[in-house]
Amino acid sequence: MTTHQHITADNLPLAQLSKSIDSHKFMHGHVLVLSGGVGRGGAARLAARGALRIGAGVVTLGCPPAALLENAIALDAVMTRSIKDAEALQACLADPRLNAVCIGPAFGTGPREAALLAAALQDRAMVLDADALTLLAADPDLMSGLHDTCILTPHAGEFARLFPDIAARRAAVAGEGDALAKAAAARAAAERAGAVVLLKGADTVIATPDGQVAIHAAAGAMAAPWLATAGAGDVLSGFIAGLLGRGLAPFAAAKAGAWLHAECARQFGPGLIAEDLPDMLPRVLRGLGL
């Protein structure tokens, strides 16, 4: 049975984001963010910072050996790790404390990256965005490896490459602004992929393989037009990955991440750049009493 929900702070499991006085870092998850090569780490660093700010206990950025120094210089609380190939990634993922993965922001789309994505598609919570979506769209074998703890976060163009027939049906039924057509498309895509699909836009729609749909309608007082800036989507991926690391179920993590992402933008307002989003989280979370 299909259910629809409009996302508000009142129907999110935000209380789970509080931390007890006797907790330690590994009680709040370990997130791995995979980065691209030299000169291509900025987007992954944004995602990693988002995951850390949202409360993941540990965040590691994994990158090719040649990019390790560049990322280490740019990061402090986020750890760095050299991941040369799929074998090195599998060794990293052997750590049972590492419970969430984010792949895609400026990741790359070559044979190495395809092999890393294939190695990462285990039964583990993960966010797939940007270049990871390009790799999925190009390889049916990778698409077949998706599971219900994966979250895909496409914008409209990426969605059309992943699910061209579903996108075409949506376009035939209604224009880009029709939230109901968008919800139906996201639901069909999630069912086909066997994964959660978060279809970005002013009306962000989140759907699960079993037909649940939630809509974050950023209109009127809830509008966040300042999110139309480079890197904002990378921070969203990091927020969601951090929430997965903290133990939220994929649907709940996607909903909470989308709401908090927009709320950070709303509270910051004009002049927002992507780097501001993680730094707004403390104010937003304090306002929620967390």
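Q: What makes the span of α10 close to the one expected?
A: Helix α10 has 14 residues and reaches 20 Å from its first C-alpha to its last. The expected span is 1.5 Å times one less than the number of residues. For α10 that gives 20 Å, close to the reach in the model.

Q: What kind of model is this, and how are its residues numbered?
A: It is a predicted model, where local features need pLDDT of at least 70, side-chain atom pairs count only at pLDDT 80 or more, and totals for chains, interfaces and linings use all residues. Residues are numbered from 1 along each chain as its sequence is written, and side-chain values use heavy atoms, with hydrogens and water left out.

Q: Why is α10 called mostly covered?
A: Buried means under 20% relative accessible area, exposed means over 50%, and partly exposed lies in between (1.4 Å probe, protein chains only). In α10, 13 of the 14 residues are buried.

Q: Why is Ala241 called buried?
A: Ala241 has a relative accessible area of 1%. The limit for buried is under 20%, so Ala241 is buried. Its place is in helix α10, residues 232-245.

Q: Which residues does Ala241 touch, leaving out those up to four places away in sequence?
A: Contact means heavy atoms within 4.5 Å. Ala241 touches Val31, Ala100, Cys102 and Val127. Val31 is 210 residues away along the chain, yet the two C-alpha atoms are separated by 6.8 Å.

Q: Why does His28 count as buried?
A: His28 has 10% relative accessibility. That is under 20%, so His28 counts as buried. Its place is in the loop between β1 (3-6) and β2 (30-34).

Q: Why is Arg53 called partly exposed?
A: Arg53 has a relative accessible area of 37%. This value falls between 20% and 50%, so Arg53 is partly exposed. Arg53 lies in helix α1, residues 42-53. Not counting residues up to four places away, Arg53 touches Pro278, Asp279, Leu281 and Pro282.

Q: How many helices and strands does the chain have, and what makes it as compact as a globular protein of its length?
A: The chain has 12 helices and 10 strands. These are DSSP runs numbered from the N terminus: helices are H or I with at least four residues, strands are E with at least two. The radius of gyration is taken over C-alpha atoms, and the globule rule is 2.2 Å times the number of residues to the power 0.38. The rule gives 19 Å for 290 residues, and the chain has 18 Å, so it is as compact as a globular protein of that length.
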